[in-house]
Amino acid sequence: MNLEKYKKRKWRVWFRVIHRDLGFLIFSLIVMYSISGISLNHIEDWNPSYIISKDRIVLSEQHSKLSMEELVDEIAPHLDYKKHFIRDDGSVRVFVKGGTVDIVNNTAVVEVLSKRPFFYEFNFLHYNREKLWVWFSDVFAVILIIVSITGLFLVKGKYGITKYGLYWTVLGLLIPVVFLMLVI
């Protein structure tokens with residue numbers, strides 16, 4: 001084996017090791033970010049972080065004699081009153097822990113938010129609200145770049161980056177470029 005061939009194999013072996021190990025490391029993060037990304041892409045169709053339940057309650061004459069705190073205790077005893085305000089049209093919005101109560105005429109609409117399991121946590125991390133997680137996400141992004149670059153060179157021959165793989169790589173580059181040209 002000549003020295004040139006040995007050097008070529010050596011960097012390919014290191015790329016394979018780096019790609020494999022970093023791929024295992026970031027597997028769960030890729031799945032989490034992907035699920036969260038899909039859910040956030042469709043935020044106009046649903047609330048990916050919260051389950052919203054609404055109850056409509058017809059109020060009686062007896063309810064009108066109660067204070068707002070007493071009224072909330074009466075119609076939604078599981079909710080804790082926080083504060084309320086009266087709108088110009090006479091309707092009332094009551095803020096309760098985990099939701100709201102809107103009172104219009106003699107009807108109360110109790111809206112309660114509860115965290116959607118898994119999606120709330122995934123989206124919380126996806127939004128990067130915590131400074132420490134921002135740093136971790138930056139490291140994750142760098143790892144993705146490394147995995148992408150090393151992945152380009154894993155396969156050699158006719159399916160490698162110099163032939164078949166080049167077409168797919170160029171197509172992957174063209175998709176966002178064409179989309180931006182059409183939209184912007």
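1. Lys54 is exposed, at 57% relative accessibility. The classes are buried, under 20% relative accessible area, exposed, over 50%, and partly exposed in between (1.4 Å probe, protein chains only). This is a predicted model, in which local features need pLDDT of at least 70 and side-chain atom pairs count only at pLDDT 80 or more, while totals for chains, interfaces and linings use all residues. Residues are numbered from 1 along each chain as its sequence is written, and side-chain values use heavy atoms, with hydrogens and water left out.

2. Lys54 forms a salt bridge with Glu111, and their closest N and O atoms are 3.5 Å apart. This pair links distant parts of the chain, with Glu111 in strand 5 (residues 107-115) and Lys54 in strand 1 (residues 50-58), 57 residues apart. A salt bridge here is a side-chain nitrogen of Lys or Arg within 4 Å of a carboxyl oxygen of Asp or Glu. Helices (H or I, at least four residues) and strands (E, at least two) are DSSP runs, numbered from the N terminus. Glu111 is partly exposed, with a relative accessible area of 25%.

3. The whole structure contains four salt bridges. One of them joins Arg20 and Asp21, whose closest N and O atoms are 2.8 Å apart. Arg20 is partly exposed at 43% relative accessible area, and Asp21 is partly exposed at 38%.

4. Arg93 and Asp102 also meet through their side chains in a salt bridge, at 2.7 Å from N to O. Together with Arg87, these residues are linked in a network of salt bridges. Asp102 is buried, with a relative accessible area of 17%, whereas Arg93 is partly exposed at 22%.

5. There are 11 aromatic pairs in the structure. Rings of Phe, Tyr and Trp (its six-membered ring) pair if their centres lie within 6.5 Å; planes under 30 degrees apart are stacked, over 60 edge-to-face, and the rest tilted. Trp11 and Phe153 form an edge-to-face pair, 5.9 Å centre to centre with 80 degrees between the planes. Trp11 lies in helix 1 (residues 3-41) and Phe153 in the loop between helix 4 (131-152) and helix 5, so the pair ties together parts that are 142 residues apart in sequence. Trp11 is partly exposed at 33% relative accessible area, as is Phe153 at 29%. Trp11, Phe15 and Phe153 form one aromatic cluster.

6. Tyr159 and Tyr164 form another aromatic pair, edge-to-face, with centres 5.3 Å apart and 85 degrees between the planes. Tyr164 is partly exposed, with a relative accessible area of 41%.

7. Helix 5 has 20 residues and spans 29 Å from its first C-alpha to its last, close to the 28 Å expected at 1.5 Å a residue. The expected span is 1.5 Å times one less than the number of residues. Helix 5 has a kink of about 25 degrees at Leu174, shortly before the proline Pro176. The bend at a residue is the angle between axes fitted to the seven residues ending there and the seven starting there.

8. A nonpolar surface patch of about 1200 Å² has among its members Leu166, Leu174, Val178 and Ile184. Patch residues have over 30% relative accessible area and no salt bridge; like charges are joined within 9 Å, nonpolar side chains (Val, Leu, Ile, Met, Phe, Trp, Tyr) within 5 Å. Accessible areas come from the Shrake-Rupley method with a 1.4 Å probe, and for residues only the protein chains shown count as cover. Val178 lies in helix 5 (residues 164-183) and is partly exposed at 41% relative accessibility.
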